[in-house]
Amino acid sequence: MAITTNQLTNANVFLEGKGLLGCAEEVKCPGLKHLMTEKKALGMVGKTKLPSGFDVMEAEFKWNGFYADVFAAAANPYKVCAIQVRSSNETWSGQGREKEVALVVHMRGRFEEIALGSFKPHDNAEYPSKFICDYIKVVEDGTEILEVDVLANIHKVNGEDMLATYRQNIGQQ
């Protein structure tokens, strides 16, 4: 069996559907950190940790200039913003590039902070910002890999609804 490897080659950021090609120097998409609750009880020979939800999902952006629409969105913590990061994911083997597919990360949430910029002569200004995600969805080549919506109690992995019974148990449907 041939060994293959994947490589993200580049990306583009969209804010409320508007493309921001060349505006972001770097994007750190949110990680998914499971909150774990320690469980210990009589009769157990040890302790364990069981999943109990998700920690805050944060994304970080490093903008390479002042963009009024980005700054205005980041300055209003009461407005939910939709951000999409679209990238090209290549699969390589010893025979060359095997395939190239879209990898898209959808995020909804609010900006937590944005810097007013750092200015240096003959150098790009930097405007870092932090974005708190209430919703993320990861789609590769049209297939939904992950969807999490913390305000709607949605957690899907490869299309499987991980919280269907939970929502039913608490009367949310």
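1. One cavity of 30 Å³ or more is found when the whole structure is searched. A cavity here is a set of points, on a 1 Å grid over the protein atoms alone, where a 1.4 Å probe fits but cannot get out; grid points are joined across faces, edges and corners, and a volume is the space filled by probe spheres set on the points. The largest cavity has a volume of about 40 Å³. The model is predicted: local features need pLDDT of at least 70 and side-chain atom pairs count only at pLDDT 80 or more, while totals for chains, interfaces and linings use all residues. Residues are numbered from 1 along each chain as its sequence is written, and side-chain values use heavy atoms, with hydrogens and water left out.

2. The lining of the largest cavity consists of W63, G65, F66, Y67, V70, F71, I114 and Y127, lining residues being those with an atom within 4 Å of a point. By class, seven of the lining residues are nonpolar, one is polar and none is charged; Gly counts as polar in this scheme.

3. Helices (H or I, at least four residues) and strands (E, at least two) are DSSP runs, numbered from the N terminus.

4. Beyond its neighbours within four places in sequence, F61 has contacts (heavy atoms within 4.5 Å) that include V13, V27, I83, M107, F111 and F131.

5. Within α1, V70, A73 and A74 are buried, that is, under 20% relative accessible area, with exposed over 50% and partly exposed in between (1.4 Å probe, protein chains only). These three lie on the same side of α1 because they cover an arc of only 95° around the axis, taken from the directions from the helix axis to the C-beta atoms. A68 and A75, on the other side of α1, are exposed. The buried residues of α1 pack against β1, β6, β7 and β8.

6. Two backbone positions deserve a check. Most residues other than glycine have a negative phi. E16, not a glycine, has a positive phi of about 55°; E16 sits in the loop between β1 and β2 (18-19) and is partly exposed, at 45% relative accessible area. D141, also not a glycine, has a positive phi of about 50°. D141 is placed in the loop between β9 and β10 and counts as exposed at 52% relative accessibility.

Technical notes: 1 Å grid on protein atoms, 1.4 Å probe; cavity = no way out; pocket = protein on both sides within 12 Å on 5 of 7 lines; lining within 4 Å.
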